Amino acid sequence: MTSRSSVAITVPSECVLVAGEPNCRCPQDAHRITDEQLIVRATDKFRWQQRAAAEGRTAARAGLDALLVDARHDRPSTVVSELLRMCIMIRIYDPDLTTHVEADTVRTEVEALLQEYTELAELDNDPRRLGEAATLRALRTVTFCQGENALADTAAAHAILTDLTSPMPGEDPKEWSRLLSRSLNGLVLVLLKLGSHELADEVSQRGIAVAESGGAPTMDRLIHQLNRVRLQLSWALRLERGGRDAAASTRFVGAAQAAHAAALLWGPAHGIHDDGSAAIAGCSILSTAYALKQPTPDQIDLLVSLERTTHFTEDRMMLAIATARCLLAAGRPAAAAAALAPLQTELRISTPDAVLSLALHREFAKMDGLAHGAPRRPDALARYAEALESELWALREARLTALRSHSEHHRLALEHGAVAAQALQDPLTGLPNRRALDLRLAEAVTTPSAQPCAVALIDLDRFKDVNDDRSHAAGDAVLREVATCLRTILRSHDLVARYGGDEFVVVMPATPPAEARAALQRAADAVAALPVEVAAGVTMSVGVVRAPLDGDPAAALAAADAAMYRAKHAGGNTVVSGAVAPAAATAAESGPVHSKRVMSTLTSTSVSSNSATPATVTSRVGRPSAASVPSD
């Protein structure tokens with residue numbers, strides 16, 4: 001057998017929904033496409049729906065949901081997490097969410113998806129995904145108009161994501177850089193909604209630096225620059241409201257500079273030859289940046305033409321303000337007020353971004369007054385408006401201080417928590433260690449919903465030759481590669497732990513024996529297919545048993561161990577099923593085996609870098625002597 005990631009695809013790699021058909025067929029194709037192709041399809045669907053009509057958004061959401069259901073069955077946790085992220089965001093960014101008749105149902109779905117995403121991140125002990133989970137929770141909260149309640153999650157995301165400096169063991173550095181820059185970009189958007197522009201600016205610069213140093217795709221770099229334009233424009237409009245016109249002017253210039261950088265990336269990102277003019281004509285946020293830097297009448301036609309293709313409410317607000325200022329420059333204050341009126345009315349019902357909403361209301365009041373020749377505002381009202389803006393500025397400063405304080409507090413908590421986390425993690429492979437395995441296995445055999453629960457013990461074939469012929473450092477590298485392969489191939493809810501030395505244990509809750517064996521065979525095939533320069537030609541001998549409810553976890557491990565040795569005797573690179581002995585037989589056999597294990601441990605004189613820690617070695621002794629089994 002071969003792993004799914006190596007099966008040749010026999011269907012087009014593009015989503016037919018994106019290509020123009022009314023319904024998505026990706027779920028029907030899922031069994032024939034690789035993990036990477038599945039993510040590409042899901043991403044295409046997600047990006048396409050942002051500009052689709054309501055029917056298209058519904059079809060895209062249904063397609064993503066169906067892919068998630070399929071992925072939960074046998075895709076790795078990283079794939080499931082990526083689909084969960086898109087299923088969460090497609091709901092949060094639904095423009096009809098606040099007025100949808102089923103809004104409460106959608107919010108309930110978001111909560112369940114967020115919980116699952118967080119649990120997977122915790123299970124894999126992936127700090128980037130934990131930070132992204134906090135970002136998603138904060139985005140959920142600010143979208144549902146509970147901005148102050150989002151501070152703790154935003155601060156947690158900031159503390160986690162801005163402190164990450166290197167990938168986890170076995171993780172591809174280039175892919176890690178791409179994903180981290182994307183996570184930082186998501187945090188920027190949350191900070192913008194909270195009006196914390198200074199902090200957003202720091203995170204934005206870090207995200208761009210990570211993307212560029214990691215060789216991120218041009219489209220990712222373009223998205224960073226577009227969001228940097230949004231950041232600078234939102235910042236400038238907020239400064240204007242506070243009477244800081246000089247500082248606002250500087251930010252408008254910064255927005256135009258970021259727009260220029262984005263325009264240069266537009267062509268390569270879309271696969272066309274463009275000097276930047278197509279980007280300006282096709283992307284409202286770029287044209288908005290140039291217009292707000294210096295509003296002129298000759299920009300009006302372009303800005304008006306972009307209204308029908310501008311979908312995000314935040315972009316529509318900034319485009320409307322830019323259009324109004326250009327119309328005012330043309331001496332048409334009534335037209336300027338009319339350009340703002342539809343959004344001004346719309347925002348009475350929904351307020352997706354408080355900073356921009358206030359800027360638009362302020363702009364409309366100014367233009368409407370000029371259009372109707374309103375008399376000068378009374379001094380008392382002017383003083384009230386100034387006092388109100390001053391109070392809002394103070395509240396914003398307090399929020400920024402609170403965010404920084406929360407972030408530092410969370411950072412300190414993470415440092416202390418890291419010590420406890422290290423006690424449950426194998427330092428070489430990053431997998432859960434024996435202590436974490438004991439906790440998970442004890443939970444699995446006492447939880448009815450986890451039945452049937454499969455337990456597998458894996459031993460690498462010919463691993464001793466790697467240490468002897470190459471080096472222990474080479475052996476360590478092989479262990480890391482195998483650990484990554486197992487975590488990638490096996491399903492998201494399977495626990496893969498390092499048992500010690502060149503052994504791993506897999507706990508597969510709610511998995512019938514036949515399904516467990518098939519999944520483990522796929523994993524064995526994937527390890528055997530690893531390049532020789534990567535894995536030195538090692539293969540796996542696997543023993544798998546069903547751990548009975550309320551049974552002894554040690555008995556399950558012993559039975560899996562015995563089945564694994566039958567796989568060794570069969571020549572290795574195979575999976576053998578076994579059975580847990582009855583309790584009485586297990587008790588009768590446990591005494592002498594345990595004594596042999598203890599004696600074996602006490603006579604051991606050295607532990608290599610890829611051997612288990614002393615505590616783990618104790619749990620592994622009691623194997624037949626080297627003379628009685630094939631050499632590994």
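This is a predicted model: local features need pLDDT of at least 70, side-chain atom pairs count only at pLDDT 80 or more; totals for chains, interfaces and linings use all residues.
Helices here are DSSP runs of at least four residues, numbered from the N terminus. On that count, Val190 lies in helix H8, residues 173-193.

Is Val190 buried or exposed? Its relative accessible area is 1%, and buried means under 20%, so Val190 is buried. Setting aside neighbours within four places in sequence, Val190 is in contact with Thr135, Ala138, Leu139 and Thr154. Arg137 is 53 residues from Val190 in sequence, and their C-alpha atoms are 10.0 Å apart.

Next, the packing of H8. Helix H10, residues 218-241, packs with H8 at an angle of about 20°, and the two axes are 11 Å apart. Because of that angle, H8 is roughly parallel to H10. Their crossing is left-handed. On the H8 side, the residues that meet H10 are Arg178, Ser181, Arg182, Asn185, Leu189 and Leu192. Their counterparts in H10 are Asp220, Ile223, His224, Asn227, Arg230 and Leu231. By type, this contact has four nonpolar, four polar and four charged residues.

Now the strands. Strand E3 covers residues 503-508, and six of its six residues are buried. Glu503, Val505 and Val507 point one way, while Phe504, Val506 and Met508 point the other.

Which strands pair with E3? Strand E1, residues 453-461, is antiparallel to E3 over six bridges, with Ala454 opposite Met508. Strand E2, residues 495-500, is also antiparallel to E3, over five bridges, and there Gly500 stands opposite Glu503. E2 and E3 form a hairpin with two residues between the strands, where Gly501 has a positive phi near 55°.

Technical notes:
Residues are numbered from 1 along each chain as its sequence is written. Side-chain values use heavy atoms; hydrogens and water are left out. Buried means under 20% relative accessible area, exposed over 50%, partly exposed in between (1.4 Å probe, protein chains only). Contact means heavy atoms within 4.5 Å. Axes are lines fitted to C-alpha atoms, for helices over the stretch in contact, and angles run from 0 to 180 degrees between N-to-C directions. Angles under 35 degrees count as roughly parallel, over 145 as roughly antiparallel, 65 to 115 as roughly perpendicular and the rest as oblique. A crossing is left-handed if the near helix is turned anticlockwise from the far one by less than a right angle, and right-handed if clockwise. Ala, Val, Leu, Ile, Met, Phe, Trp, Tyr, Cys and Pro count as nonpolar, Asp, Glu, Lys and Arg as charged, and the others, Gly among them, as polar. Two strands pair if DSSP finds at least two bridges between them.
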